Structures are given as structure tokens and as C-alpha cells.
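Subject: Handing over the two-chain model

Hi,

Here is the structure I promised to pass on. Please open it next to this email, and then read on for what I found.

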Amino acid sequence: MTQLETTTPTNAQTETLSSGQILANKRQERLHRVEPRGGREFTALERAEMFVDAGSFVEISPMRRPKGEDPRRTGCGVIVGWGMVDGSPVVVASHDASIASGAIGAVFAENVMRGQRLAIDRGYPIVYINDSGGARIHDGIDALHGCGGIFALNIEASHKVPQISLILGPCAGAAAYSPALTDWTIMVKGQGQMFLTGPEIVKAATGEDAHPDDIGGSRLHTKESGVAHLEVDTETAAFDAARLLLSFVPSSVDDAQRVAEPASPSPVAEYALSRVVPATSSAVFDMNAVLAGILDDSPILELMPTHGTSTLTQLARIDGRAVGIVASQPQARGGILDSKTSVKAARFVEFCGRFGLPILTFVDVPGFLPGTVEEKRGVITHGAKLLRAYVEAKSPKLTVVVRKAYGGAYIAMGAKSLGADFTWAWAGSEIAVMGPGGAVSLLHRRALKEAADPVALRAELAADYRENVARPYLAAEAGIIDDVIEAEETRGRLSDALRLLAGRG
Amino acid sequence: MFEVRAEMVANVWKHVVHAGDEIVAGDVVAMLESMKMEIPVYAEVGGVVTRMVAVEGTVVQEGDVVALIESALNAS
């Protein structure tokens with residue numbers, strides 16, 4: 001795209017121009033900015049057009065601009081409109097970094113809120129394409145008032161429609177807070193940043209020298225802080241990810257669930273399913289291999305793939321029905337639950353519950369990670385968030401114990417007591433109040449102390465505990481597990497239950 | 001020099017590679033034991049193992065250095 005000179009008509013010209021010519025000039029102004037767009041490949045309008053189905057983008061109030069604005073500046077700093085995504089309408093707000101770095105002024109905020117209100121009232125998802133330095137200082141307190149207004153509607157919208165934030169440039173202050181109030185945030189690597197304030201203000205405030213990527217880069221936020229949920233390489237990949245995400249979620253809480261063409265699991269994965277779990281209970285395996293043998297062989301979307309890796313959260317399909325997957329990942333840190341994974345899973349479960357997506361939980365959890373580090377992080381509070389999320393989620397909840405489920409972590413991974421509609425355990429699995437090692441120490445303290453060979457006795461007692469206490473049959477007899485099943489039966493059980501429960505929640 | 005760190009509190013069960021070994025990204029450098037699970041520690045980069053820092057039989061905390069690697073990326 002070339003930057004054309006703007007043709008701002010003077011008063012003298014307007015007297016002689018026809019109304020059609022004036023309109024043509026105004027539109028010309030709108031499309032060809034005088035300000036540079038930095039290193040950005042696409043303009044705000046191009047981004048909005050690229051995100052939706054080709055040719056479907058319609059801008060709302062394209063002439064909106066602040067009063068008394070520098071005549072060389074056109075627009076209010078944000079393109080707001082709607083377009084179709086796979087045939088369903090979606091509202092889009094795309095920050096225009098070419099206008100005062102996309103700063104959020106009073107009129108900018110009003111324009112965003114206009115789009116948010118439309119989406120909330122009519123039930124359409126909202127996608128925010130963020131590239132903004134935050135509140136516009138020149139607008140003073142009016143800018144802050146506008147930012148607060150956007151936040152309030154973010155929160156109102158969260159009860160009604162899905163919201164996705166794409167971070168395509170440096171986003172500070174309000175431009176970082178609004179995404180935190182939306183459902184999912186996708187960052188473009190090396191291009192998108194999120195921070196309370198940029199490096200210059202950090203330096204002035206606290207003296208700390210920080211590179212933008214160190215205080216708000218995509219790696220920091222997708223791996224460590226958990227502020228963002230997906231890191232992609234390009235803007236196009238961000239649009240594709242957002243579109244894929246929307247393909248799993250109804251347009252609003254009032255709409256029916258998404259159902260695609262059913263697909264069988266990958267035949268290779270299905271064939272291997274019964275042999276994925278190793279015979280040694282301490283050996284690790286990739287839970288994705290289990291999921292691949294059960295779920296439809298169709299695109300999945302893993303959210304937060306590099307944060308809290310011992311628990312997986314994925315959007316997938318079974319019999320074409322969109323479902324949310326929460327799964328222990330023994331390959332990463334043994335599949336433990338801790339502060340990070342609890343918050344990650346709780347957020348995902350809450351999201352699924354809000355939009356009626358069935359929650360399928362696959363359990364192989366050795367427990368909550370104990371110790372000083374986790375207690376300092378407040379693991380009790382964070383773990384409780386996961387319990388609350390499961391109980392409050394009203395969508396269908398189905399849980400499969402794949403290998404082991406111990407203690408509080410057994411409860412937290414979608415147990416029957418938290419409202420699971422159906423729970424199953426694989427025949428070789430273990431369900432108990434704690435692992436054999438710990439249980440034997442507590443139950444047989446005296447015998448172990450007095451034993452001639454405590455190591456041998458411990459091993460014997462642990463084996464006995466594993467076979468006679470931890471096997472899932474006791475849980476099934478108690479009604480805590482609905483049935484004990486073979487791995488190959490899992491898909492059938494899940495899909496039957498989903499058919500039964502469809503439309504509930 | 002690249003530091004391979006422990007992702008969680010655990011016992012250092014055994015070293016899988018040793019100083020001087022050449023490894024590629026994704027190789028397991030050590031096995032930890034925690035929560036009755038075998039926890040592999042993966043190298044994020046390839047290169048030559050300079051030193052196995054974590055001693056077998058001791059406890060590492062989350063973030064402790066397990067191994068040092070002279071990265072092939074840095075060397076080139």
C-alpha cells in the first residue's frame with residue numbers, strides 16, 4: 001500500500017464540489033493516513049478486513065472524530081465495525097496505531113463502546129485488535145473515563161458473548177487491561193507487548209531499566225505470567241487462531257452449541273490407545289496420545305500451551321460437537337496440579353461453563369504439589385478456584401480417570417462430588433485419598449517402625465494398598481465412579497453421554 | 001552458557017547425560033523424582049554439556065540449575 005497525499009478540502013473548494021465529490025474526498029482522507037504506521041505491515045482497516053470473511057467488513061461510524069482535532073488527522077484512532085466469520089456476524093474493534101499510537105481518547109472509547117453495545121444487545125462475539133499506547137494523555141480525565149467505560153462493557157459482555165483480544169503492537173495501560181477482562185488473548189511474537197506502562201515510564205517511576213519484551217513480551221505473558229493465552233508468529237496466524245477459537249463457541253450464551261461434521265479419531269491413535277499408558281505407574285506418557293485416540297481427528301485449539309504445562313486445556317470435538325478438554329499431562333512435571341495449573345484450568349472451565357461447552361476431564365494426577373514454594377504462592381486459594389469453577393459450570397461435565405487420581409487433586413479434576421454428570425475410570429487406574437507410599441506410612445507407622453525389614457514391609461503394604469484399596473472398583477461400588485471401563489470404550493461412553501446431555505446447561 | 005533448570009521441587013534421581021556429552025534440543029539431561037513420578041528434565045537447546053550441577057540424591061527447588069550447556073547456537 002502506498003501512502004497517498006491527503007486531500008483535505010478547504011472551505012473554498014467545498015462550495016464548488018458536488019455532495020458526491022465531498023463524500024468521495026472524505027472517504028479518501030479516511031483511508032490514507034498522513035501519520036506513519038511504524039513498522040506495521042497492515043493498517044487497522046486492513047487488519048479488520050483480513051480477520052473477517054473476505055469482503056464482509058462493514059465499518060460503523062467511519063466519520064467519527066474528535067472535535068477541534070488537527071485537520072491532518074482523520075478518524076478517532078479505532079476502526080469499529082462488523083463482518084462475518086464462517087458465516088456468523090462478529091463485531092471488530094481495530095486500533096489504529098497510525099493515529100497518536102492508537103491512544104484511547106474520549107471519542108475512540110465511545111466508538112469502541114458503540115460496537116460493544118451492539119454485540120451485547122444482539123449477541124455477537126467481539127474481537128479486539130489491539131495496538132495502542134493506552135489512554136490519550138491530551139484528553140485528560142475524559143480519556144480515563146472512556147477507558148473505564150470500555151472495561152465496564154468488557155465485563156458486561158463477558159456474561160453474554162465471547163471476547164477475544166489480539167495483541168498486534170505495544171499495548172500499555174488501558175489497552176492491556178481491556179484484554180485481561182476478555183476471554184482469550186493472543187499475542188504476535190516479537191510484535192505484541194502488554195504492560196501497565198512502557199519502559200520509559202517504568203524508568204521514571206522506579207528506576208528499573210527494562211526492555212519492552214522483558215516487561216511485556218509474548219514469551220513472558222504466555223509462558224510465565226499467564227496474562228496471554230497463545231503466542232503466534234504473524235498477524236495472519238493471530239487471525240486464524242481467533243477464527244478457529246470462534247468455531248468452537250456459540251455466538252452468545254443464548255445460541256446453540258456449534259456442531260461440525262463428525263470425524264472418527266485418527267485410526268493410528270485409536271489403535272494405540274490401550275497401550276499409551278505405561279505399565280510402571282511412575283513412568284510418564286503424553287496425554288495427547290490418549291486424547292487423539294478418543295476425540296475427532298479435526299482441528300483442536302490448545303490454550304495456554306506453554307503455561308502451567310502439567311495440565312492441558314484444549315478446545316476439540318467429539319462426534320462433531322465442540323467440547324472443552326481439561327487433562328493432566330504426566331509428561332510435564334508428572335501431571336501435578338499447582339497454583340498455575342489451577343488458575344489455568346479454572347479459567348478454562350469457567351469459560352466453558354459460561355458458554356455451555358461440555359467439559360471433558362481426563363485425569364492422571366499424582367496430587368497437588370506440596371511444599372514451601374507453592375504455599376507461598378497461595379496454592380490453597382488458587383486450588384479453590386478450580387473447585388469453584390467445576391461446581392459453578394452448568395454445562396455437561398464428564399470425567400475419565402485414565403491412570404491415577406489422588407487426594408484433593410482427585411476432587412479438583414472434575415470429581416463426581418463437584419457435579420460431574422458421569423465419571424468413569426479405566427480398569428487399571430487408581431483412585432484413593434493419597435498415593436500408596438504416603439498412605440502406607442500413615443496407616444502402618446507402628447508396624448513399619450517395629451519391622452525387621454521395613455523396606456520390604458513397606459513395598460508389600462504399598463502393593464497391597466494399590467491392589468485392594470486404590471483400584472477403581474471400590475469407587476464404582478460406592479457410586480463415586482459410574483463405571484469401570486476399558487480405554488477403547490471411552491469414546492462411546494462420552495459420545496452417548498453428550499447426546500443425552502445436549503441442550504442442557 | 002545455557003542453564004537447564006528444574007521445573008519443580010524434586011529429588012535428583014539420576015543424570016542421563018554427563019559433562020562433555022553432545023546433546024540436541026529436547027534431549028533428557030536428568031531424571032528427577034517427585035510425587036512418586038519420574039520427571040524428565042529436557043534441554044531447551046542443543047550443545048555440549050559443560051557440567052551437571054544438581055547432585056544425584058539431593059533435592060532441587062523449582063528454578064534451580066540442573067545442568068550447564070555450551071549452546072551450539074552461541075558457539076557458531
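First, the housekeeping. This is a predicted model, in which local features need pLDDT of at least 70, side-chain atom pairs count only at pLDDT 80 or more, and totals for chains, interfaces and linings use all residues. Residues are numbered from 1 along each chain as its sequence is written, while chains are lettered from A and ligands numbered from 1 in the order in which they are written.

Let me start with chain B. One helix and eight strands make up its elements; helices (H or I, at least four residues) and strands (E, at least two) are DSSP runs, numbered from the N terminus. Read from the N terminus, the order is β-β-β-β-β-β-β-β-α. The C-alpha trace of chain B spans about 40 × 20 × 15 Å along its principal axes.

In one, four strands follow the order β5-β4-β2-β7 with antiparallel pairing; two strands pair if DSSP finds at least two bridges between them. Its edge strands are β5 (37–42) and β7 (59–60), each pairing on one side only. Within this sheet, β2 (residues 10–15) and β4 (residues 28–34) run antiparallel and are joined by four bridges. B:Asn11 has B:Glu33 in β4(B) as its bridge partner.

The other sheet of chain B, also open and antiparallel, has four strands in the order β1-β8-β6-β3. Here β1 (2–5) and β3 (22–23) are at the edges with a single partner strand each, so one side of each is left without a neighbour in the sheet. Five bridges connect β6 (residues 47–52) to β8 (residues 65–71), an antiparallel pair, and B:Gly47 stands opposite B:Ser71 in β8(B).

Now to the helices of chain A. α13 (residues 339–354) and α15 (residues 379–392) pack at about 20°, with their axes 8 Å apart. Axes are lines fitted to C-alpha atoms, for helices over the stretch in contact, and angles run from 0 to 180 degrees between N-to-C directions.

A second pair is α17 (residues 436–443) and α19 (residues 454–468) of chain A, packed at about 115° with axes 9 Å apart. That makes α17(A) roughly perpendicular to α19(A). A:Pro436, A:Gly437, A:Ala439 and A:Val440 of α17(A) meet residues of α19(A) including A:Leu461 and A:Tyr465; residues are in contact if their C-beta atoms, placed from the backbone, lie within 7 Å.

Finally, how many residues of chain A are in contact with chain B? There are 14, and they touch 12 residues of chain B. By class, this side of chain A has seven nonpolar, six polar and one charged (Ala, Val, Leu, Ile, Met, Phe, Trp, Tyr, Cys and Pro count as nonpolar, Asp, Glu, Lys and Arg as charged, and the others, Gly among them, as polar).

Best wishes

Technical notes. Angles under 35 degrees count as roughly parallel, over 145 as roughly antiparallel, 65 to 115 as roughly perpendicular and the rest as oblique. Two residues are in contact if their C-beta atoms, placed from the backbone, lie within 7 Å.
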